[in-house]
Amino acid sequence: MTHTLNPSGIRAKAPRRPDGSFAKMMLDQCAPLPPLSVAVAHPVHANAIQAALDGAEADLLVPTLVGPEAKIRAAADAAGLDISPFDLVNSEHSHDAAATACKMAAEGRVQAVMKGALHSDEILSAVIRSRALRTERRISHVYAMDVKTYHKPFLLTDAAISIAPDLSAKVDILQNAIHLWHALFASQNRLPKAALLAAVETVNPSMQVTLDAAALCKMADRGQITDALLDGPLAFDNAISRAAAEEKGIRSEVAGDADILLAPDLEAGNIMGKQMTFFAEAEAAGLVLGARVPVILTSRADSRQTRLLSAALAVLYGDARSRGMFT
């Protein structure tokens, strides 16, 4: 699966940015699909309840609120939010809420799990502890993003879970992102282009991330990573700018036209994601993949739109998985 263009070389000019909003595209794709039943773990703050309400009003989610009933009702009453349409499952505390939500998913009572007002590691630990929710792959986080200065939406991974992934972990992280790209963009009828990011674009034996990138490309050639075109190591500028790639003499189908950005570690991915959101005003949505159900993992700093689009992302991924696009 490689990675060279035709002899005419790299086009310096990026493809034309498609018309239309990323958010509208996602919501339009969800419109014909049934809403996803979801257990919302520990929604004891107004923003977590509001996210469930917004998802329900958009016909994306059918929420069940899981947590201390008195606290949930008090938070809803204080914010003037009507939770009467939702089922409520009482639990003692946040750990119990996370475990109960995952048990509901494992038993098939809901199709997804959503983080409420609890720490990410609480809900993720509960997912990992549930044997019925585990798959052969590790869980990882993917951002779907649209930045005005880039010519198309893209995925960024992993910005939330994998602290210092080794080569084996990166295989799973990348394959999870590839599956999500196909769930979102199947209509494009092509392979996504995955850029394996590093500080440099050459293999340096002193920089493990460049060795990992080279190994991942060869693993794709051997069918150990499927359904994508890979190239790396690529510095960030070369991954997203054809002009920069051309200046460096890089001949690649991926350079300057990446659909998926694989960060070398969590810190790099997290900083990139937040820069794009707060500096570049990216439209963004996030999802945890690799479990048997999608896990909607939002942050307290996320906007209502980000929370809504994360629900839409879960609907699209869940639908693709249910149709056997991947396992």
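Mentor: Confidence comes before geometry. This is a predicted model, and the chain averages a pLDDT of 92. Of the residues, 94% score at least 70. The exception to watch here is residues 1–19, where the pLDDT is below 50. That stretch still has 50 contacts in the model beyond near neighbours in sequence. Where pLDDT is low, predicted coordinates should not be read in detail.

Now the contact itself. Helix H1 covers residues 22–30, and helix H11 covers residues 304–322. Their axes come within 9 Å. They cross at roughly 40 degrees. Angles under 35 degrees would count as roughly parallel, and 65 to 115 as roughly perpendicular, so H1 and H11 are oblique to each other. The crossing of the two helices is left-handed.

Look at who makes the contact. H1 supplies Ala23, Met26, Leu27, Gln29 and Cys30. H11 supplies Gln305, Leu309, Ala312, Leu313, Val315 and Leu316. By class, the contact of H1 with H11 has nine nonpolar residues and two polar ones. No charged residue takes part in it.

The structure holds three aromatic pairs. One of them joins Trp181 and Phe185, with ring centres 5.3 Å apart. Their planes stand at 45 degrees, so the pair is tilted. Both residues lie in helix H6, residues 167–185. They sit four residues apart, about one turn of the helix.

Definitions and conventions. Residues are numbered from 1 along each chain as its sequence is written. This is a predicted model: local features need pLDDT of at least 70, side-chain atom pairs count only at pLDDT 80 or more; totals for chains, interfaces and linings use all residues. Side-chain values use heavy atoms; hydrogens and water are left out. pLDDT is the predictor's confidence in each residue, from 0 to 100. Contact means heavy atoms within 4.5 Å. Axes are lines fitted to C-alpha atoms, for helices over the stretch in contact, and angles run from 0 to 180 degrees between N-to-C directions. Angles under 35 degrees count as roughly parallel, over 145 as roughly antiparallel, 65 to 115 as roughly perpendicular and the rest as oblique. A crossing is left-handed if the near helix is turned anticlockwise from the far one by less than a right angle, and right-handed if clockwise. Ala, Val, Leu, Ile, Met, Phe, Trp, Tyr, Cys and Pro count as nonpolar, Asp, Glu, Lys and Arg as charged, and the others, Gly among them, as polar. Rings of Phe, Tyr and Trp (its six-membered ring) pair if their centres lie within 6.5 Å; planes under 30 degrees apart count as stacked, over 60 as edge-to-face and the rest as tilted.
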